[in-house]
Amino acid sequence: MPRFLSLIRIDEQALPASTEFPPEFGERMGALMEEITKAGVMLDTAGLLPTSEGTRVTWSGGKLSYTDGPFTETKEVVGGYALLQAKDKAEALEWTKRFLEIHPEEWTVGAELRQIDGG
């Protein structure tokens with residue numbers, strides 16, 4: 001079965017503090033994670049620490065350069081990922097849609113779904 005990587009995109013500057021999560025958000029997310037895991041679709045998932053704790057490594061002109069975060073010049077960053085194994089892209093998109101719909105309406109959260117080559 002093909003594997004897909006769902007890159008969760010967020011605007012770090014627009015995220016509410018973790019204390020602003022509605023109480024039902026965690027319950028809905030937990031239920032979805034249980035369902036997608038039981039369905040055998042979820043292989044791995046995690047959120048990422050803020051870009052302030054990251055480093056970008058660039059290869060250009062035969063040299064490496066390192067830039068420590070935060071990356072304020074970038075509006076949208078990868079905030080997490082999910083590694084899915086689905087029968088096809090349509091199924092992976094359906095799970096991704098359901099994941100996004102759990103978030104509060106005032107949030108802007110996106111996902112880039114890409115099939116893994118050879119998977």
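This is a predicted model: local features need pLDDT of at least 70, side-chain atom pairs count only at pLDDT 80 or more; totals for chains, interfaces and linings use all residues.
View A. Glu-94 is partly exposed, with a relative accessible area of 38% (buried is under 20%, exposed over 50%, partly exposed in between; 1.4 Å probe, protein chains only). Its side chain meets that of Lys-97 in a salt bridge at 3.7 Å, N to O, where a salt bridge is a side-chain nitrogen of Lys or Arg within 4 Å of a carboxyl oxygen of Asp or Glu. Residues are numbered from 1 along each chain as its sequence is written, and side-chain values use heavy atoms, leaving out hydrogens and water.

**View B. The buried side of helix 1.** Here you can find Phe-25, Met-29, Leu-32, Met-33 and Ile-36, the buried residues of helix 1. They cover an arc of only 100° around the axis, so they lie on the same side of the helix (the arc is that of the directions from the helix axis to the C-beta atoms). Turned away from that side are the exposed Pro-23, Glu-27 and Lys-38.

View C. Glu-34 and Lys-38 pair at 3.0 Å, N to O, and are four residues apart in helix 1. Lys-38 is exposed at 67% relative accessible area, while Glu-34 is partly exposed at 46%.

**View D. A salt-bridge network.** Arg-9, Glu-112 and Arg-114 are linked by salt bridges.

Notes:
Helices (H or I, at least four residues) and strands (E, at least two) are DSSP runs, numbered from the N terminus.
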